[in-house]
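Please have the structure open as you read.

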Amino acid sequence: MTTIQVTRKAAVVADYDVVVCGGGPAGFIAAVAAAREGARTAIIEQYGFLGGMATTSFVTPLSVFTYNGKLVIGGIPWEFVNRLSELGGARIEHPLGNVAFEPELYKLMCQRMMQEAGVDMYLHSYLTDCILEGKRITHVIIENKNGAEAIAGKVFVDCTGDADLASIAGVPMQESNGAPLQPLSSYFLLGGVDTDTPMMQKAIHHNRQGENCHCLPVREKLLSLKDKLGIPEFGGPWFCTTLHPGCIAVNMTRTSGDATDNRDFTAAECRLREDAFKMARVLRENVEEFRNSYIIAIAVHGGIRETRRIKGIHTISGEEYLSAFEYPDSVSRGAHPIDIHRAGGAEQNITFLKEPAYVPYRALITPGYPNLLVAGRCLSADRTAFASLRVQASCMGTGQGAGVAAARCAAAGIPVQQEDTVSLRERLREIGAVI
């Protein structure tokens with residue numbers, strides 16, 4: 001491959017205590033948490049709004065906030081959910097605390113909380129590089145309509161989902177050992193659905209602990225027709241209310257693909273878009289509740305289950321996760337099932353937890369990088385534990401832990417590895433975190 005060398009100047013446009021990269025569930029919570037701790041905070045997001053998989057990809061419901069009758073993810077994430085509910089943009093499904101939401105109001109509540117906290121937002125901005133002194137990050141480089149810009153910071157939090165900043169900085173990643181990535185999916189919104197029948201009422205409300213909430217009658221019908229109709233590979237299907245009459249979010253498309261490879265992801269999203277229209281037609285022609293349905297929208301961004309994860313100081317193992325091992329430096333919890341999807345076929349491997357699991361601070365930091373934390377899908381976990389922790393409520397919980405820790409380390413001028421986790425945990429409890 002022929003290469004060329006490109007040299008560009010980037011204006012240093014600002015200097016912050018904490019810089020959060022990525023405005024998804026982990027990122028916007030991390031930014032609010034850091035700013036509320038008194039840190040001058042910035043957030044960088046490639047789209048013109050926040051929310052990540054929830055708003056770019058319609059990934060719904062947000063799961064799981066409560067388990068065995070107790071709150072699992074508290075503090076700022078739970079505040080966000082309740083404020084969104086008061087705005088008319090969320091429905092909390094008990095007993096699991098799964099949260100159906102309206103995507104546009106979700107975006108609005110994100111930006112309101114960001115503005116209230118005084119976070120500077122760099123939207124429509126794409127992270128392209130970082131500047132290192134040894135293994136300390138001094139600046140991140142972004143591209144937007146202003147050109148190349150540099151943002152300086154004391155502490156950086158990678159909430160990109162794909163560990164983009166950590167990867168650019170050279171942080172070692174978990175090895176796949178040949179295991180295929182979990183498949184990509186594109187949610188789509190359908191209008192004109194008869195959601196009042198008993199089957200659909202059960203399907204669109206995800207409120208049953210210890211049970212896969214896929215729509216079994218539709219699944220069985222699609223499997224019986226798969227060869228005859230040439231139905232593409234699918235999962236579930238899972239249907240969820242969007243809080244609008246007759247409108248649901250549909251999770252059923254799936255394809256293999258690596259979202260960290262531009263060509264692979266492009267091809268995968270093209271397949272998913274074709275499949276969304278095929279699936280919508282199959283539902284319309286074969287399921288009574290869908291006979292008047294139509295596509296309102298297809299996700300702007302394919303739903304990603306798995307890409308890069310850092311090698312942290314500690315890697316959460318499946319054994320630890322399933323046994324609810326309690327770490328001395330726990331900063332968050334997780335209660336979603338171990339949920340491993342396969343790209344080929346309609347199957348998934350699912351294991352329900354007996355008790356909510358724990359996430360240690362050491363899984364959010366890596367050796368040798370003194371001012372970098374991660375949260376959300378970037379964290380250090382094996383494939384089993386990660387298959388639960390990848391969901392949005394868990395990402396919000398780790399975002400809260402990382403945001404508070406980042407602000408404290410920036411204020412104290414210490415490496416993230418030297419954070420006093422006893423004091424950190426005390427502070428997280430004070431703001432409502434369940435740890």
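How many cavities of 30 Å³ or more does a search of the whole structure find? In this predicted model, the search finds three. The largest cavity holds about 40 Å³ of space.

Leu 189 belongs to strand E11, which spans residues 188-191, and it stands opposite Ala 249 in E13. E13 covers residues 248-253 and runs antiparallel to E11, with three bridges joining the two strands. Strand E14, residues 294-298, is also antiparallel to E11 and is joined to E11 by four bridges. Here Leu 190 is the residue that stands opposite Ile 295.

Now look at the two faces of E11. In a regular strand, side chains alternate between the two faces of the sheet. Phe 188 and Leu 190 are on one side of E11, Leu 189 and Gly 191 are on the other, and all four are buried, so both faces are covered.

For a last stop, turn to helix H12, residues 421-430, where you will find Leu 428. Is Leu 428 buried or exposed? Leu 428 is buried, because its relative accessible area is 0%. Beyond its sequence neighbours up to four places away, Leu 428 touches Val 331, Gln 400, Gly 401, Val 404, Ala 433 and Ile 435. Val 404 is 24 residues from Leu 428 in sequence, yet their C-alpha atoms are 7.6 Å apart in space.

Conventions:
Residues numbered from 1 in each chain as written. Predicted model: local features only at pLDDT ≥ 70, side-chain atom pairs only at ≥ 80, totals over all residues. Heavy atoms only, no water. 1 Å grid on protein atoms, 1.4 Å probe; cavity = no way out; pocket = protein on both sides within 12 Å on 5 of 7 lines; lining within 4 Å. Points joined across faces, edges and corners; volume = space filled by probe spheres on them. Buried < 20%, exposed > 50% of the residue type's maximum accessible area, 1.4 Å probe, protein only. Pairing = 2+ DSSP bridges. Contact = heavy atoms within 4.5 Å.
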